[in-house]
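Q: Can you walk me through this one? I'm new to it.

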Amino acid sequence: RLSPKELCERCLRRSQSLSELNIFITLTEETARSQAAKAVNRLKGENPVLNLDGIPVAFKDNFCTAGTRTTCASNMLRNFVPPYNATMVQKVLDSGAVIVGKTNMDEFAMGSGSIDSVVGPVKNPWTLLFRNFSKKPVSHDVCCRQKTVKKDSIAHGIRKHNIHTDVPELGKSEASSSPTFVDNSDWLVTGGSSGGSAAAVASGTVLAAFGSDTGGSTRNPASYCGVVGFKPTYGLLSRHGLIPLVNSMDVPGILTKTVSDAALVLNSVAGHDWRDSTTVTDSFKPVVLDKNFSLHGLHVGIPKEYHAPGTSPVVLDVWRQAADLLEREGAKVSQVSLPHTQHSIMCYHVLCCCEVASNMARYDGIEFGHRANQESSTEGLFAATRHEGFNDVVRGRILAGNFFLLRRNYERYFLKAQKVRRLIYNDFQQIFSEGVDVLLTPTTLSDAPTYSWFTQQDSRLRSEQQDVFTQPANMAGVPAITVPAALSPRGLPIGLQFIGQNFQEQKLLSVAHWFE
Ligand code: GLN
């Protein structure tokens, strides 16, 4: 039995012993220790235990943390220390949690691999099952299998303030083949852009982490790292203090080992925030998960357009088996159609770049962040600052966005994409109005790819094709969750995604909880 203080020390030790995975950009050891000490005092006192008392949590480095560097993994914000906390950060602290650090990510959350970071890529903890990076032995218990992860869930932590290490080793022997690494320096990608947060949870460094999800950035790495990744309905969680990528699609994402943990975190952070006018004002009814939840009367839709080219046969097989299981256990499972889904990625590309072009305008070397040493003219200062501050991916999107927004292109690209977005939204509303409760789809095209394979792909494919299953939910604002479903023949996790109706988190999480 561990106290919050011991639990915190254990997490900090684990993060240090796994430093080669490059999970954290900043570790907040000192503040974590003082938050843990406060939790110890609270637990001693008469006061009721807070929802997340003593629970170690990490935040993606695009959530503002007062007094702690918030870099977005970019040169531009390398030394940026915000004067205020994002609402998510504040709510988690108000619930008693201990913030262990800020996690690594793709620069400004643009990417699907967590490889485009100014501090270098994040490595998937599952790599450790096949390879030790360092000379010193690394414990294999870092990647917990589904059946064992429940033991160190938050609920358990709250009851006992304990973190378990009695996780059986998962040896290579259980897999019929292993990933093909091209050489000793190759490794498995975490997915992205919230790869650091997914790896932090998968490695047992924290019990919950926050990511952001604009096109799949929480669900994609969750699937590759074998954890739960939850994107709530747009407007349920405040974006105040989350540095924007695409304001109309960004949602704070929750990464945990179990669905009940995700519900616990959701209940602590959901609800209206006057600082974010897009949050809904209706009062939030906490999600309560019932272990006797029955599938009878539930209608599960299988969208036929989600048979995307490039999906691995293993993923398709897991998807089919899951659909069969739901049907056998009493759900009505039927094929449905979302005809405009096929345009989602194209449409996202246009809208994302347009919002990026506008959002990034604030980084001019004068108001925030990096300033180049170029004082010959104001324009020269802007150009040099932005050239030095942003990576190629960010600069490419700014250029594309400005092109789409030119007066002669605005109608042809931006307005057209907005219209297509509405059609995609209508598709979802249509099938939900016909009685479908949730959709079941793959989360990713395959299990976690190796870095060597991933970087051989065209960079557009890398950052967008990867989101083919996750991105439409952001277009429509509907909630979606990925749950670890199986291990591939290579011994790596494969997640499946449930998509629900707007603000129907109770139903969505109940189905996911039943399934996990
Ligand atoms: N991969 C997508 C992109 O690069 C989505 C990223 C995200 O969800 N933050 O834009």
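**Contacts and burial**

Q: What is K60 in contact with, leaving aside its neighbours within four places in sequence?
A: T103, M105, S194, G196, S197, F210, G211 and S212. In contact means that C-beta atoms, placed from the backbone, lie within 7 Å.

Q: What kind of model is this?
A: The model is predicted: local features need pLDDT of at least 70, side-chain atom pairs count only at pLDDT 80 or more, and totals for chains, interfaces and linings use all residues. Residues are numbered from 1 along each chain as its sequence is written.

Q: Where is K60, and is it buried or exposed?
A: K60 sits in strand β2, residues 56-60. Strands are DSSP runs (E, at least two residues) and helices are too (H or I, at least four), numbered from the N terminus. K60 is buried, because 33 other C-beta atoms lie within 10 Å. The cut-offs: buried is 20 or more, exposed is 12 or fewer, partly exposed is in between, with C-beta atoms placed from the backbone.

Q: Which residues does UniProt list for "active site"?
A: K60, S193 and S217, in an unreviewed entry. They span 158 residues in sequence, yet no two of their C-alpha atoms are more than 10.9 Å apart, so they gather at one spot. UniProt positions use the numbering here, feature names are shortened, and annotations may be inferred rather than shown by experiment.

Q: Where is S193?
A: In the loop between α5 (154-160) and α6 (195-202). S193 is buried, with 38 C-beta neighbours inside 10 Å. Beyond four places in sequence, its contacts include M105, D106 and S217.

Q: New topic: which strand holds I481?
A: Strand β10, residues 480-487. I481 is buried too, with 33 other C-beta atoms within 10 Å.

Key:
Contact = placed C-beta atoms within 7 Å.
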